[in-house]
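Subject: Structure handover

Hello,

Here is the structure I said I would pass on. My notes on what turned up in it follow below the entry.

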Amino acid sequence: LTEDLIVTHNTCLLAWICWNFLVTRPHPRIAATAISGENLRDNLWTEMATWLHKSPLLQHAFEWQAERIVCKESPQTWWMSARRWSKSANAEQQGNTLAGLHAPYVMIVLDESGGIPDAVMANAEGIGSSAIEWHIVQAGNPTHLEGPLYRACTSERDLWYVKEITADPVALASSR
């Protein structure tokens with residue numbers, strides 16, 4: 001590793017945010033989804049496993065499973081789950097991907113949210129009503145000119161904390 005740690009992809013940053021939330025809140029619940037089940041499994045879930053295996057603290061406290069990461073101390077109430085919808089799901093079924101998620105500390109993670117359906121975001125926005133602390137974190141590439149990520153970066157930008165991540169060598173050199 002070099003002296004400066006540079007994050008070059010948003011999935012790594014999402015994993016760090018998720019691990020931070022899991023470690024620093026009591027009995028948090030995180031629901032993560034992506035534009036497809038394959039994308040979630042192959043990208044964010046794999047990145048979560050990568051950082052788990054690099055940290056003795058995380059290995060001691062958490063267990064990684066195919067669709068859940070649980071705190072060994074309280075697996076029923078302290079977790080992160082992978083949520084997906086079928087490829088043939090209609091808007092209501094897509095939105096229901098996040099249904100039933102309630103806890104004092106909740107985070108919704110939308111990976112590759114450039115293609116996330118509006119129904120999923122609508123459900124995510126309704127989850128925080130009973131939480132002490134609640135976050136929606138979305139990341140992705142600006143591949144669509146509509147949808148939740150596009151609005152967060154344009155017309156609704158004042159409602160979001162937007163951080164742009166680039167691996168462009170020219171942009172990286174000029175930011176130092």
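Tyr161 is exposed, because its relative accessibility of 73% is over the 50% cut-off. Tyr161 belongs to the loop that runs between α6 and α7 (169–175). Its C-alpha atom is 9.4 Å from that of Val137, although the two residues are 24 positions apart along the chain. Please keep in mind throughout that this is a predicted model.

Val137 also turns up in the strand pairing. Within β6, Val137 is the bridge partner of Val109. Strand β5 (residues 105–111) and β6 run parallel and are joined by seven bridges.

These two strands belong to an open sheet of six strands with mixed pairing, in the order β2-β3-β4-β1-β5-β6. The edge positions are taken by β2 (62–64) and β6 (133–139); each has a single partner strand, so one side of each has no neighbour in the sheet. On average, neighbouring strands of the sheet are turned by 15° against each other, with direction ignored.

Two helices can be described by how they lie against the sheet. Helix α1 (residues 10–24) packs on it and touches β1 (29–34), β2, β3 (68–71), β4 (79–82), β5 and β6. The direction of α1 makes about 170° with that of β5. Helix α5 (residues 118–127) lies across β1, β5 and β6, and runs at about 155° to β6.

For the chain as a whole, the count is seven helices and six strands. Read from the N terminus, the elements follow the order α-β-α-α-β-β-β-α-β-α-β-α-α. The chain has 176 residues, of which 43% are buried. Of the contacts with a separation of 6 or more, 67% are between residues 24 or more positions apart.

Next, the empty space, which may be the part you want for your own work. Rolling a probe the size of a water molecule over the atoms shows where such space is left.

The largest pocket holds about 850 Å³ of space. It is lined by 33 residues, and those closest to its centre are Gln138, Ala139, Gly140, Val162 and Lys163. Strand β6 gives the largest share of this lining, with six residues. At least two lining residues come from each of α1, β6 and α6 (148–153). By class, the lining of the largest pocket is made up of 19 nonpolar, eight polar and six charged residues.

There is also one cavity of 30 Å³ or more in the whole structure. The largest cavity contains about 40 Å³ of space. Its lining consists of Gly114, Pro142, His144, Glu146, Leu149, Tyr150 and Cys153. Four of the residues in that lining are nonpolar, two are polar and one is charged.

Two backbone points should be noted before you set anything up. Most residues other than glycine have a negative phi. Which residues here have a positive phi although they are not glycine? One is His27, with a phi of about 50°, and another is Glu112, with a phi of about 55°.

His27 is found in the loop between α1 and β1. With a relative accessible area of 32%, His27 is partly exposed. Glu112 sits in the loop between β5 and α5. Glu112 counts as buried, because its relative accessibility of 19% is under the 20% cut-off.

The remaining note concerns Gln59, in helix α3 (residues 56–61). Its relative accessibility is 35%, so Gln59 counts as partly exposed. Apart from neighbours within four places in sequence, Gln59 is in contact with Leu52, His53, Lys54 and Lys72. The C-alpha atoms of Gln59 and Ala49 are 9.8 Å apart, and the two residues are separated by ten residues along the chain.

Regards

Definitions and conventions. Residues numbered from 1 in each chain as written. Predicted model: local features only at pLDDT ≥ 70, side-chain atom pairs only at ≥ 80, totals over all residues. Heavy atoms only, no water. Pairing = 2+ DSSP bridges. Helix = DSSP H or I, 4+ residues; strand = E, 2+ residues; numbered from the N terminus. Axes fitted to C-alpha atoms, helices over the stretch in contact; angles between N-to-C directions. Contact = heavy atoms within 4.5 Å. 1 Å grid on protein atoms, 1.4 Å probe; cavity = no way out; pocket = protein on both sides within 12 Å on 5 of 7 lines; lining within 4 Å. Points joined across faces, edges and corners; volume = space filled by probe spheres on them. Nonpolar A, V, L, I, M, F, W, Y, C, P; charged D, E, K, R; others polar. Buried < 20%, exposed > 50% of the residue type's maximum accessible area, 1.4 Å probe, protein only.
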